[in-house]
Amino acid sequence: MKRVSIFGATGSIGQNTIDLIARAPEDYHVVALSGGRNVAQLSEDARNLRAEVAVTAYADCLDDLRVALAGSGIEVAAGEAALIEAAARPADWVMSAIVGAAGLAPGLMALQQGATLALANKESMVCAGPLMMATAKAHGGTILPVDSEHSAVFQALVGERMEDVERIILTASGGAFRDWPMEQLAQATPEQAATHPNWDMGQRITIDSASMFNKALELIETREFFQIDPAKIEAVVHPESLIHALVGFRDGALMAHVGPSDMRHAIGYALHHPERRDLPVERLDLVKIGALTFRAPDELRWPALRLAREVMQAGGLCGAVFNAAKEVAMDAFIDRRIGFLQMAQVVEEVLSRLSAHPGNLDAAISLDNVRHADHLARETADDYITNG
Ligand code: NAD
Ligand code: MG
């Protein structure tokens, strides 16, 4: 039996992971499940999967969780320290599917106990890629990508040598506003941004898809995960979202990963790795699909892509600042305090203010320093949004 834990179990990735595990309950022992305010979902899944412990991120949800799990024998806990404690419980496979920088510490703890970390939380790699990789190496942990593009690249690289890789191409759907005229973007609402043409995902990553901050994070994630020169990483708009990524080799060959827009594909690959097992995903009918199309990404429409290049160039703690500023800007957009186009302005301003004092950003990438940079970036973003 594989011992598994799922952080962010109540979210979109978490629920898709549970869908796969619940199809073969005899194969898994569920150690920990975590969620946020959705106590009903968390407790229902904890009961169905007979988890050892259920953890809510929020202390004010603990009583509700305790009531919901009364008599089940399942332990309950709340708060950040409890999440980290749950990640320290021995498990073979841990899904990291919390959204945002909050996913970093539990993921690091899972690596420290030598688990295989299925990484959906791309923010971990953006904020602290070198720390994630070093922690895995030091403790015998393994990181398997769950982001669909990175899973695709990982699969295209099986049996290959990194020195033969000439380029990695990530595809982007273009998100909700791909075909909107530029003048309209300033008026886009959070509801419009949170509607995705192809994928059914959490609210935040869907908004990130519309602004291309998702692809920006993924460019950095690619750099960190595959340790590849940023100049070799490209993004291309592919409205059908059927090719997830391509790897180009020195002989000109391109290996593409093609599959339905269903995250159970990438989750299942990480769950069964190094084997392949049957997965309940659609089999593509290529004749019915007919054509796959591609467009160049417009950096005027999507300044996030340019900012990601600058962050990769600068290195250090810039990734942590980039991500934190983006999280605050998105909160402000969701609260209608700023417009859609201002999210990138906030991120650019925070990067520029903080990099004016290099001491802020060139410290070693430890968890403490990442947290400090994250905190500074949030304060600076708040200040800029409030006071200009
Ligand atoms: P979601 O919003 O649907 O779920 C997020 C989960 O994290 C929930 O369980 C929520 O309770 C929990 N959470 C939120 N804030 C938290 C906090 N501060 N502390 C602890 N827990 C918290 O998000 P999602 O779409 O499932 O995405 C999860 C992660 O996977 C993100 O990093 C996202 O970028 C990545 N990802 C998602 C998809 C997708 O298809 N949804 C694809 C690729 C990568
Ligand atoms: Mg992705």
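Which helices each supply at least two residues of the shell around ligand 1? They are α1 (12-22), α6 (122-139) and α10 (203-211). The legends below refer to a predicted model, in which local features need pLDDT of at least 70 and side-chain atom pairs count only at pLDDT 80 or more, while totals for chains, interfaces and linings use all residues. Residues are numbered from 1 along each chain as its sequence is written, and chains are lettered from A and ligands numbered from 1 in the order in which they are written.

**View 1**
The protein has 17 helices and 11 strands (helices, H or I, of at least four residues and strands, E, of at least two are DSSP runs numbered from the N terminus). Its radius of gyration is 20 Å, close to the 21 Å that the globule rule gives for 388 residues, so the protein is as compact as a globular protein of that length (the radius is taken over C-alpha atoms, and the rule is 2.2 Å times the number of residues to the power 0.38). Along the principal axes, the C-alpha atoms fill a box of roughly 55 × 55 × 40 Å. The division is into domain 1 (2-145), domain 2 (150-261 + 282-289) and domain 3 (315-387), with bounds from an automatic or database domain assignment.

**View 2. The shell around ligand 1.**
Ligand 1 is surrounded by 27 residues, of which the closest are G11, G36, A57, M201 and G202 (a residue is near a molecule or strand if its C-beta atom, placed from the backbone, lies within 6 Å of it). Helix α1 gives the largest share of this shell, 3 residues. By class, the shell has 12 nonpolar, 11 polar and 4 charged residues (Ala, Val, Leu, Ile, Met, Phe, Trp, Tyr, Cys and Pro count as nonpolar, Asp, Glu, Lys and Arg as charged, and the others, Gly among them, as polar). Ligand 1 lies between domain 1 and domain 2, because both give residues to its shell.

**View 3. The seven-stranded sheet.**
An open sheet of 7 strands runs in the order β4-β3-β2-β1-β5-β6-β7, with parallel pairing (two strands pair if DSSP finds at least two bridges between them). Its edge strands, β4 (75-78) and β7 (142-145), each pair on one side only. From one strand to the next the twist averages 20° (axes are lines fitted to C-alpha atoms, for helices over the stretch in contact, and angles run from 0 to 180 degrees between N-to-C directions). Strand β6 (residues 116-119) is joined to β7 by 4 bridges, and T116 stands opposite T142 in β7. Helix α2 (residues 39-49) lies across β2 (28-35) and β3 (53-56), at about 170° to β2 (residues are in contact if their C-beta atoms, placed from the backbone, lie within 7 Å).

**View 4. The four-stranded sheet.**
Here 4 strands form an open sheet in the order β9-β8-β10-β11, and the pairing is mixed. At the edges are β9 (233-237) and β11 (254-258), each pairing on one side only. Strands β8 (residues 165-172) and β10 (residues 243-249) run antiparallel and are joined by 5 bridges; the bridge partner of L170 in β10 is A245. Helix α11 (residues 213-226) lies across β8 and β9 and runs at about 150° to β8.

**View 5. Domain 2 against domain 3.**
The C-alpha centres of domain 2 and domain 3 lie 24 Å apart. The contact takes 11 residues from domain 2 and 11 residues from domain 3. On the domain 2 side, α9 (190-193), α10 and α11 each give two or more residues. The residues of that side divide into 9 nonpolar, 1 polar and 1 charged.

Methods: Two residues are in contact if their C-beta atoms, placed from the backbone, lie within 7 Å.
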